[in-house]
Amino acid sequence: MDRRAVDCSALASAGLVITCEHGGNQIPTLYRELFRAHQALLHSHRGYDSGALIMARALARTFAAPLVTCTVSRLLVDLNRSEGHRHLHSAATRNAPAGARQRILKRYYQPYRAQADGFVRQAIERHGLAIHLSSHSFTPELDGKLRNADIGLLYDPARPGEAELCARWKIAIESCALNLSVRRNYPYAGKNDGLTAWFRRHLPPGAYIGIELEVNQKHVVRSARHWTAVRQVLLESLRKTLANRSAEISA
């Protein structure tokens with residue numbers, strides 16, 4: 001085992017929970033006919049978040065934290081959207097019979113939410129606080145516009161614990177040798193609809209901190225050595241951030 005993983009294992013007491021809602025682009029056999037005309041989308045950023053699953057697994061392994069992932073494409077059902085949201089289903093499944101859509105929710109969406117909810121509530125019960133990190137990635141260019149950040153940290157500014165943790169993590173990341181540019185609530189607003197927003201509606205700020213980690217996919221497609229280095233920076237900077245936070249609370 002990595003020496004860092006051993007040293008960091010004690011930080012699992014911080015109540016860390018890792019999720020990855022867009023980890024793959026698989027379509028179950030039963031629904032593949034719906035996607036016959038959407039193969040290009042499945043392999044694009046709209047089909048899945050490239051690199052997010054690798055990042056999520058690295059976080060869970062390093063911090064000995066529970067992990068919830070899904071490799072079914074968000075185009076079948078988006079696990080990061082609330083039921084009733086207009087983008088819960090994509091164009092490929094939106095016009096499927098209501099019964100089929102309900103079966104998709106029952107088979108993929110509801111069990112995922114239930115498992116994530118179970119781990120978060122378990123962390124609160126054991127440690128008084130759950131720190132939920134949802135691993136994502138974003139395309140370097142969207143609608144002809146370049147995204148000018150390497151890392152995004154999404155949170156709700158109205159929740160002090162989230163704002164403070166992201167501010168600390170941002171400083172720790174930017175102090176690394178790779179000179180990564182970090183922006184808060186970019187390229188999306190952290191308070192928008194999503195799994196973290198769903199938890200916030202049910203859990204008070206003192207019991208739940210929810211952060212979406214967004215990594216620019218340009219780092220994922222570069223050399224394996226570079227992508228590994230970026231992951232190590234994120235892991236080490238988070239280790240320092242959590243350790244400093246824990247030390248201050250203890251003091």
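Some ground rules. This is a predicted model, in which local features need pLDDT of at least 70 and side-chain atom pairs count only at pLDDT 80 or more, while totals for chains, interfaces and linings use all residues. Residues are numbered from 1 along each chain as its sequence is written, and side-chain values use heavy atoms, with hydrogens and water left out.

I will start with the sheet. Six strands make up an open sheet with mixed pairing, in the order S2-S1-S3-S8-S6-S7. Strands here are DSSP runs of E with at least two residues, helices are runs of H or I with at least four, and both are numbered from the N terminus. Two strands pair if DSSP finds at least two bridges between them. At the edges are strand S2 (67–69) and strand S7 (182–184), each pairing on one side only. From one strand to the next, the twist averages 20°; axes are lines fitted to C-alpha atoms, for helices over the stretch in contact, and angles run from 0 to 180 degrees between N-to-C directions.

Now the individual pairings. In general, strands of a sheet pair through backbone hydrogen bonds, either parallel or antiparallel. Strand S1 (residues 16–20) is parallel to strand S3 (residues 130–138), with four bridges, and Ile 18 stands opposite Leu 133 in S3. S3 and S8 also run parallel, joined by nine bridges, with Ser 137 opposite Val 215 in S8. S6 and S8 are antiparallel over four bridges, and there Ile 151 is the residue opposite Val 215.

How covered is S8? Nine of its nine residues are buried, where buried means under 20% relative accessible area, exposed over 50% and partly exposed in between, with a 1.4 Å probe and protein chains only. Tyr 208, Gly 210, Glu 212, Glu 214 and Asn 216 point one way from S8, and Ile 209, Ile 211, Leu 213 and Val 215 point the other way.

Next, helix H7 (residues 195–202). H7 lies across S1, S3 and S8, and runs at about 170° to S8. Six of the eight residues in H7 are buried: Leu 195, Thr 196, Ala 197, Trp 198, Phe 199 and Arg 200. These buried residues pack against S1, helix H5 (98–127), S3, H6 and S8, contact meaning heavy atoms within 4.5 Å.

That brings me to the rings. How many aromatic pairs does the structure hold? There are two. Rings of Phe, Tyr and Trp (its six-membered ring) pair if their centres lie within 6.5 Å; planes under 30 degrees apart count as stacked, over 60 as edge-to-face and the rest as tilted. Trp 198 and Phe 199 are edge-to-face, at 5.0 Å centre to centre with 65° between the planes. Phe 199 and Tyr 208 are tilted, at 5.2 Å and 35°. Why does Phe 199 count as buried? Because its relative accessibility is 0%.

Last, two charges over rings. A charge sits over a ring if NZ of Lys or CZ of Arg is within 6 Å of the ring centre and within 35 degrees of the ring normal. The charged end of Arg 113 is over the ring of Trp 198, 5.3 Å from its centre. Arg 231 lies over the face of Trp 227, 5.0 Å from the ring centre.
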